[in-house]
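Me: Hi! Could you walk me through the pockets and the core of this one?
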Amino acid sequence: MPDVRPRRSVLYMPGANTRALEKARTLPADALIFDLEDAVAPDAKEAARDNVVAAAKSKAYGKREIVIRCNGLGTAWGKADVAAIAGSGADAILVPKVESAADVAAIVSLLDAAGAPASMAVWAMMETPKGMLRAEEVAGSHKRLTLFVMGTNDLVKDMRARHTPMRLPLITALGLGMLAARAHGLTILDGVYNDIQDTDGFRDLCRQGLEMGFDGKTLIHPSQVEPCNEIFAPSEAELAMAGKIVTAFKAAQAEGKGVVTVDGRMIENLHVEQAERALAMAAAIKELQAA
């Protein structure tokens, strides 16, 4: 089966709020982003950096993936953030407003200089028009880069667009990000949903993101975690069909047959790959939940 890691729900946690960082230990999010950028006021940046590094080093979050979002390299805090994150034990660094391969190279250079382990990944916020137009360049820029996060709020602002239920103003940008990520084997996460009280609207956007191919969604409130987990996980019906497909295909191969049908559907290799991925994801989710 393919090696997969659940990233259905990826929750931002403000780095200046130590109580929130502690609460995050009990939340069922697949991954946590400790934020040093948008969620932290300028006079709290350095204290927040200390908070998130200590939290990451604590290893108190089970098997959840821990990511730290730094401030931009052009700010007064960016380079110090990267140096601190390099030694934090976090799984990845999330970099805001990535617009070129050179931006990725600059982050990688700083991580290497600070002694970051080879296992520390770079995640890129794709949130500007220039970044989206260079998405393919960014996606293939370095082996440390493993994931795109769509920054839909900043994109809407820069495009002078509007947040709409169907997100038509964003479809081109989302598609460019998706194509670039898949072309280079990256994971890609959908952007946040701002209206915490609108549970129906949130679920609709999760379903739209799933249909578009996103691996999961970034979140701004703990109440969004469970519905996001539900929607981005393979359903019982999908898993039942996946099991049928894999079993039938293996039986056909054992008999020397190249063609198999399941419930009236012609099954090809691509369907088997999709089925195996769904089964692997379900197993990975179960393992994460048991931790």
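Reply: Happy to. A term to start with: Ala, Val, Leu, Ile, Met, Phe, Trp, Tyr, Cys and Pro count as nonpolar, Asp, Glu, Lys and Arg as charged, and the others, Gly among them, as polar. This is a predicted model, where local features need pLDDT of at least 70 and side-chain atom pairs pLDDT 80 or more, while totals for chains, interfaces and linings use all residues. Residues are numbered from 1 along each chain as its sequence is written, and side-chain values use heavy atoms, without hydrogens and water.
Me: Thanks! By class, what does the lining of the second largest pocket have?
Reply: Eight nonpolar, six polar and five charged residues. A pocket here is an open set of points on a 1 Å grid over the protein atoms alone, where a 1.4 Å probe fits, with protein on both sides within 12 Å along at least five of seven lines; lining residues have an atom within 4 Å of a point.
Me: Which residues lie nearest the centre of that second largest pocket?
Reply: Tyr12, Asp38, Arg69, Val192 and Ile220, out of 19 lining residues.
Me: And the largest pocket, which residues lie nearest its centre?
Reply: There they are Leu210, Pro234, Gln274, Arg277 and Ala278, from a lining of 30 residues. That lining divides into 15 nonpolar, six polar and nine charged.
Me: Switching topic: what is Leu32 in contact with?
Reply: Setting aside neighbours within four places in sequence, Leu32 is in contact (heavy atoms within 4.5 Å) with Leu11, Met13, Ala24, Tyr61, Arg64, Glu65, Ile66 and Val67.
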